[in-house]
Amino acid sequence: MPSEHHFTLNGDERWLIRFTTLTGDAYGITYTQKAKRPRIILHDGMRGKHRLTVLIHELLHAIFPQASEEVIEQAGKDLARVLLTLYTMTPKELEK
Ligand SMILES: [Zn+2]
């Protein structure tokens, strides 16, 4: 079942973060602030480290729309690794 969350990013932009079933190759898609409704769509089948890494990756696209895919990919992996090392969560907490 899809779940939706609203966050303010980049100061005053209203963003929708939606978990739903994505088919195809992508685990996450970011429609930037130039879109009518800025939003991040994430595959709801992801758990744990994978879920956090993809969420951070898509948030970086939202916050730094001019950054290259290579920069976003590296920064996302680095942030996820550090956060997962410094913050311990139970698998149940990661699934929320
Ligand atoms: Zn990307």
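Which residues in α1 meet which residues in α2? In this predicted model, Lys49, Leu52, Thr53, Ile56, His57, Leu60 and His61 in α1 meet Ile72, Glu73, Ala75, Gly76, Lys77, Leu79, Ala80, Leu83 and Leu84 in α2. By class, this contact has 9 nonpolar, 4 polar and 3 charged residues.

**The helix pair**

- Helix α1 comprises residues 48-63 and helix α2 residues 69-86; their axes come within 8 Å and cross at roughly 135°.
- Angles over 145 degrees would count as roughly antiparallel and those from 65 to 115 as roughly perpendicular, so α1 and α2 are oblique to each other.
- The crossing in which α1 passes α2 is right-handed.

**Helix α1 on its own**

- The 16 residues of α1, at 1.5 Å a residue, should span 22 Å, and the end C-alpha atoms of α1 are 23 Å apart, which agrees.
- The buried residues in α1 are Arg51, Leu52, Thr53, His57, Glu58, Leu59 and Ala62.
- Among them, Leu52, Thr53 and His57 are buried and also take part in the contact with α2.

- Asn10 lies in the loop between β1 (3-9) and β2.
- The phi of Asn10 is near 55°, a positive value in a residue other than glycine.
- Most residues other than glycine have a negative phi.
- Asn10 is exposed, because 12 other C-beta atoms lie within 10 Å and the class takes in residues with 12 or fewer.
- Arg14 belongs to strand β2, which covers residues 13-20.
- Arg14 is likewise exposed, with 12 other C-beta atoms within 10 Å.
- When residues up to four places away in sequence are not counted, Arg14 touches His6 and Thr8.
- Arg14 and Gln33 are 19 residues apart in sequence, and their C-alpha atoms are 8.8 Å apart in space.

**Loop residues on either side of β3**

- Thr21 sits in the loop between β2 and β3.
- Thr21 counts as exposed because it has 9 C-beta neighbours inside 10 Å.
- Neighbours within four places in sequence aside, Thr21 is in contact with His43, Asp44 and Gly45.
- Thr21 and Thr8 are 13 residues apart along the chain, and 24 Å separates their C-alpha atoms.
- Pro38 occupies the loop between β3 (28-31) and β4 (39-43).
- Pro38 has 18 other C-beta atoms within 10 Å and is therefore partly exposed, since a buried residue would need 20 or more.
- Pro38 touches Glu13, Trp15, Tyr31, Thr32 and Gln33, not counting residues up to four places away in sequence.
- The C-alpha atoms of Pro38 and Leu16 are separated by 6.6 Å, although these residues are 22 apart along the chain.

**Helix α3**

- Lys92 is part of helix α3, residues 91-94.
- Lys92 is exposed, with 7 other C-beta atoms within 10 Å.
- Lys92 and Arg47 are 45 residues apart along the chain, with a C-alpha separation of 9.7 Å.

Conventions:
Residues are numbered from 1 along each chain as its sequence is written. This is a predicted model: local features need pLDDT of at least 70, side-chain atom pairs count only at pLDDT 80 or more; totals for chains, interfaces and linings use all residues. Axes are lines fitted to C-alpha atoms, for helices over the stretch in contact, and angles run from 0 to 180 degrees between N-to-C directions. Helices (H or I, at least four residues) and strands (E, at least two) are DSSP runs, numbered from the N terminus. Angles under 35 degrees count as roughly parallel, over 145 as roughly antiparallel, 65 to 115 as roughly perpendicular and the rest as oblique. A crossing is left-handed if the near helix is turned anticlockwise from the far one by less than a right angle, and right-handed if clockwise. Two residues are in contact if their C-beta atoms, placed from the backbone, lie within 7 Å. Ala, Val, Leu, Ile, Met, Phe, Trp, Tyr, Cys and Pro count as nonpolar, Asp, Glu, Lys and Arg as charged, and the others, Gly among them, as polar. The expected span of a helix is 1.5 Å times one less than its number of residues.
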